[in-house]
Amino acid sequence: MRYLTIMITTLLLAACTAEPIHQGNRIDLTNAALIKQGDTKFHIEQALGSPVLKDVMHPNKAVYYEEFKDEKSGEMVKRRVEVTYDDAKRALSIERSGLGHGPEKSQ
């Protein structure tokens with residue numbers, strides 16, 4: 001009986017500490033704001049990690065995408081950073097959306 005009580009208590013406490021489910025990358029807002037046109041692919045991947053979407057038809061494009069439910073507001077949060085590279089693997093353009101200031105594009 002004692003073991004059953006301990007097991008049930010443990011399961012209930014584990015459910016209370018559940019973290020919201022994230023889809024895609026975990027985009028750090030500070031790092032996403034720091035990347036800029038002309039940065040190398042290596043530098044951008046150090047800041048944001050590996051992109052969640054790689055398109056074989058467009059090998060010079062990387063898409064970082066994150067979707068999760070905000071615990072405070074209950075709304076779905078969608079963030080996206082799309083980087084297009086030149087042949088030298090430097091950022092030609094960076095499109096950001098959902099990072100708090102509306103859509104932003106740098107070219």
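Where is Lys-89 found? Select the loop between strand E4 (76–85) and strand E5 (91–97): Lys-89 is there. Strands (E, at least two residues) and helices (H or I, at least four) are DSSP runs, numbered from the N terminus.

This is a predicted model, in which local features need pLDDT of at least 70, side-chain atom pairs count only at pLDDT 80 or more, and totals for chains, interfaces and linings use all residues. Residues are numbered from 1 along each chain as its sequence is written, and side-chain values use heavy atoms, with hydrogens and water left out.

Stay on Lys-89. Its phi is positive, about 65°, although Lys-89 is not a glycine. Most residues other than glycine have a negative phi. Lys-89 is partly exposed, at 33% relative accessible area (buried is under 20%, exposed over 50%, partly exposed in between; 1.4 Å probe, protein chains only).

Now show both strands. The hairpin of E4 and E5 has five residues between the strands. E4 and E5 pair in the antiparallel sense over six bridges (pairing takes at least two DSSP bridges between two strands). Select Arg-80: its bridge partner in E5 is Ser-97.

Next, go to helix H1 (residues 2–16) and pick Ile-8. Ile-8 is partly exposed, with a relative accessible area of 45%.

Finally, zoom out. The protein has three helices and six strands. Their order along the sequence is α-β-α-α-β-β-β-β-β. Of its 107 residues, 23% count as buried.
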